[in-house]
Amino acid sequence: MHINMKSKEFTCKKHLHFNKEEFVSPCRGRCKKCGLKKIHGYSNPDHVTNPFGYLFLIPELCIECSIENKLCAWCIYKKRL
Ligand SMILES: [Zn+2]
Ligand SMILES: [Zn+2]
């Protein structure tokens, strides 16, 4: 199974609709957990034309952190201290 498909198993019910989006922009976002800048931008169904360019959807967590922690990549991630 492709790693990106695997992370989608952990998408929560609230964010299930994101599972149909495809990534269109490589590595734009920073992972809120591991801090690495390797999150893909996803196509945005709510995108409206604007002067700043395309508004990509950026998940909170990278695919690896999502799988490792069995967390939805789209839920707001709060670092536990
Ligand atoms: Zn990460
Ligand atoms: Zn979620």
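Tutor: We begin with a definition: helices (H or I, at least four residues) and strands (E, at least two) are DSSP runs, numbered from the N terminus. By that rule, Cys65 lies in helix 2, which covers residues 63-68. This is a predicted model, in which local features need pLDDT of at least 70, side-chain atom pairs count only at pLDDT 80 or more, and totals for chains, interfaces and linings use all residues. Residues are numbered from 1 along each chain as its sequence is written, while chains are lettered from A and ligands numbered from 1 in the order in which they are written.

Student: Which pattern does the protein chain follow along the sequence?

Tutor: The pattern is α-β-β-α, made up of two helices and two strands.

Student: How is confidence read, and where in the protein chain is it lowest and highest?

Tutor: The score is pLDDT, the predictor's confidence in each residue, from 0 to 100. The protein chain has a mean pLDDT of 87, with 93% of its residues at 70 or more. Confidence is lowest in helix 1 (residues 3-7), with a mean of 72, and highest in helix 2, with 94.

Student: Is Cys65 buried or exposed?

Tutor: The general idea is a neighbour count: a residue is buried if 20 or more other C-beta atoms lie within 10 Å of its own, exposed if 12 or fewer, and partly exposed in between, with C-beta atoms placed from the backbone. Cys65 counts as buried because it has 21 C-beta neighbours inside 10 Å. Over the 81 residues of the protein chain, 19% count as buried.

Student: Which residues does Cys65 touch, leaving out those up to four places away in sequence?

Tutor: Two residues are in contact if their C-beta atoms, placed from the backbone, lie within 7 Å. With that sequence limit, Cys65 touches Cys31, Lys33 and Cys34. For contacts in the protein chain between residues at least 6 apart in sequence, 45% join residues at least 24 apart.

Student: Where is Ile58, and which residues does it touch beyond four places in sequence?

Tutor: Ile58 lies in the loop between strand 2 and helix 2. Its contacts beyond four places are Arg28, Gly29, Ile39 and Gly41. The C-alpha atoms of Ile58 and His40 are 6.7 Å apart, with the two residues 18 apart along the chain. Ile58 is partly exposed, because 17 other C-beta atoms lie within 10 Å.

Student: Why does His47 count as exposed?

Tutor: His47 has 11 other C-beta atoms within 10 Å, so it is exposed. His47 is also found in the loop between strand 2 (39-42) and helix 2. Beyond four places in sequence, His47 touches Tyr54 and Leu55.

Student: What is the phi of Lys70?

Tutor: In general, most residues other than glycine have a negative phi. Lys70 is not a glycine, but has a positive phi of about 50°. Lys70 sits in the segment after helix 2 and counts as exposed because it has 9 C-beta neighbours inside 10 Å.

Student: What radius of gyration does the protein chain have?

Tutor: The radius of gyration is taken over C-alpha atoms, and the globule rule is 2.2 Å times the number of residues to the power 0.38. For 81 residues, a compact globule would have a radius of gyration near 12 Å, so the 13 Å of the protein chain agrees. Along the principal axes, the C-alpha atoms of the protein chain fill a box of roughly 40 × 25 × 20 Å.
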